[in-house]
Amino acid sequence: MAKRRLRELKEWKSLRKHYNKIRDVTLRELFDNDPQRADLFTIDEGDIYFDYSKNRITPTTMRLLIGLAGARGLKDEIERMFRGYRINKTEDRAVLHVALRNRSGIPMTVEGVDVMPRVLSVLDKMKNFSESVRDGTWKGHTGRPIRNVINIGIGGSDLGPCMATEALRFYAKRELNVRFVSNVDDTHLVETLGDLDPEETLFIVASKTFTTQETMTNAESARKWIIRGLSSEKAVPRHFAALSSNAEAVARFGISPENMFEFWDWVGGRYSLTSAIGLSLMISIGYNNFISMLEGFHQMDLHFRNEPFERNIPVIMALMGVWYNNFFGAGTYAVLPYEQYLARFPAYLQQVDMESSGKCVDRSGLSVNYDTGPVIWGEPGTNGQHAFFQLLHQGTRLVPADFIGFARSLNSTGDHHRKLIANMIAQTEALAFGKDEKQLKAEGVPVHQIPYRTFPGNRPSNTILAKELTPFILGKLIAMYEHKIFTQGVIWDIFSFDQWGVELGKVLAQKILSELDPDYKGELMHHGSTARLIRFCRNNR
């Protein structure tokens with residue numbers, strides 16, 4: 001029997017009727033009517049304190065949303081992922097990034113084969129390599145120790161390790177300078193290398209196929225920089241490592257197979273931080289801290305797999321996202337970390353979420369007739385308060401938001417952190433409850449200013465708190481969002497683990513690349529706009 005489409009489900013129709021009943025109910029009314037609301041809509045997981053009480057929901061809303069998750073077979077889909085089924089149907093692959101951080105000792109299989117021995121073997125190889133760089137026993141071509149580590153990648157091979165290295169900078173070995181190059185724009189590479197000594201620089205080239213255009217262009221230029229700086233091609237093996245599955249291409253580049261770290265086709269790029277792609281991070285923070293991060297991932301994996309949906313943080317987050325995206329029409333979502341170390345976290349989530357959920361075709365190949373993934377964005381607080389919070393508070397768009405904070409600072413300086421967290425909590429309160437005409441009049445605000453100083457409130461948010469930012473907690477946070485995205489994909493009936501949408505531009509770029517050559521004599525077989533753009537660039541090199 002064919003699977004029923006999302007909007008045909010009785011659970012969906014019940015939610016639509018419920019939405020029509022409560023869409024105009026305010027958060028102020030909900031809290032006034034239930035003084036214990038915060039207790040009802042808070043999950044204290046032990047390490048993560050998740051308050052979702054400032055959402056436009058009632059117990060009935062949650063019952064209906066959880067019923068929708070059940071109707072979509074979420075529990076079975078979770079098990080299929082953890083058991084190594086080929087749930088990435090369009091690429092005919094398993095999706096088993098959870099195996100990379102499996103700390104249980106229990107086998108995890110793909111096609112009946114336990115992948116854990118290979119995972120642990122690569123992890124051990126990463127440990128030996130990273131420790132040799134950190135303790136100075138790994139020497140460059142001239143015998144000097146490595147001081148600079150440059151990760152060359154793009155997409156998941158850059159955003160994950162770059163974000164996590166910044167997030168865990170407090171735990172880094174400060175004598176090592178770890179940087180990241182991703183953009184094919186030569187400025188990125190040139191500026192990154194401008195103040196570095198080739199004798200002390202190690203490049204980590206991250207590309208599963210070792211053919212990614214941007215990554216390999218940067219890698220070839222880095223190779224020339226090493227050879228030019230050290231006057232020998234023999235320098236390459238001592239200044240390059242590879243994160244790849246293409247041993248032949250790696251060897252052609254000049255990298256020793258001993259310095260190639262493998263990962264597998266059941267590891268999607270945007271879910272690959274805990275694979276060999278995390279080597280630069282391990283070099284920065286050390287093996288033990290890296291393992292602590294894996295433990296955090298694993299604990300959240302267990303929470304997602306085992307907790308009932310009513311107490312399951314990633315599931316609740318996903319259901320809130322569906323509620324606002326599909327019923328309130330909120331096409332955007334803000335992630336607002338009140339922690340400077342998490343400055344790159346929203347950018348990281350942009351790829352994980354928008355590549356996963358930016359789909360317009362369901363699993364049956366039919367065009368969807370409902371919205372899928374929202375636009376994800378954000379900046380650290382309190383910077384965002386002086387940038388875009390005006391729109392959040394008084395704009396015409398509904399923007400649900402996640403506020404992420406920590407009870408303790410890693411860098412205790414005066415009362416900085418107290419002011420930071422005071423601002424975070426205040427913003428969630430202001431968004432939820434606003435400020436009305438009566439309050440403004442009581443404060444003596446001039447009548448002509450009241451319309452401009454009124455805050456409508458009723459803007460939803462989640463608050464995510466932990467005691468302190470540690471590798472363990474970072475692992476939990478990332479896994480929490482990964483599983484939220486997976487859950488939404490199940491509900492929306494889309495394939496979350498492919499990204500065909502990035503392919504067309506790549507193919508066209510290859511064709512246009514040759515046409516940008518000033519000596520190109522062929523006809524430009526493009527629409528008028530594209531042809532004129534090519535001619536302009538060719539004529540003004």
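The points below cover salt bridges and cavities.

1. A friendly reminder to begin with: this is a predicted model.

2. Have a look at Arg363 and Glu77, whose side chains meet in a salt bridge at 3.5 Å, N to O. Arg363 sits in the loop between helix H15 (345–357) and strand S11 (375–377), while Glu77 belongs to helix H5 (residues 74–82), so the pair ties together parts that are 286 residues apart in sequence. Glu77 counts as buried because its relative accessible area, 14%, is under 20%; Arg363, at 26%, is partly exposed. Both residues also belong to a network of salt bridges with Arg72 and Asp493.

3. Next come Glu482 and Arg101, with a salt bridge of 2.6 Å, N to O.

4. Asp498 is in the loop between H20 and helix H21 (503–515), and Lys359 in the loop between H15 and S11, 139 residues away. Asp498 is buried at 4% relative accessible area, and Lys359 is buried at 15%.

5. Which residues line the largest cavity? Among them are Leu100, Val119, Met126, Glu262, Phe263 and Trp264. By class, the lining has 8 nonpolar, 2 polar and 1 charged residues. This cavity holds about 60 Å³ of space, and the structure has 4 cavities of 30 Å³ or more.

Note on methods: Residues numbered from 1 in each chain as written. Predicted model: local features only at pLDDT ≥ 70, side-chain atom pairs only at ≥ 80, totals over all residues. Heavy atoms only, no water. 1 Å grid on protein atoms, 1.4 Å probe; cavity = no way out; pocket = protein on both sides within 12 Å on 5 of 7 lines; lining within 4 Å. Points joined across faces, edges and corners; volume = space filled by probe spheres on them. Nonpolar A, V, L, I, M, F, W, Y, C, P; charged D, E, K, R; others polar. Salt bridge = Lys/Arg side-chain N within 4 Å of Asp/Glu carboxyl O. Helix = DSSP H or I, 4+ residues; strand = E, 2+ residues; numbered from the N terminus. Buried < 20%, exposed > 50% of the residue type's maximum accessible area, 1.4 Å probe, protein only.
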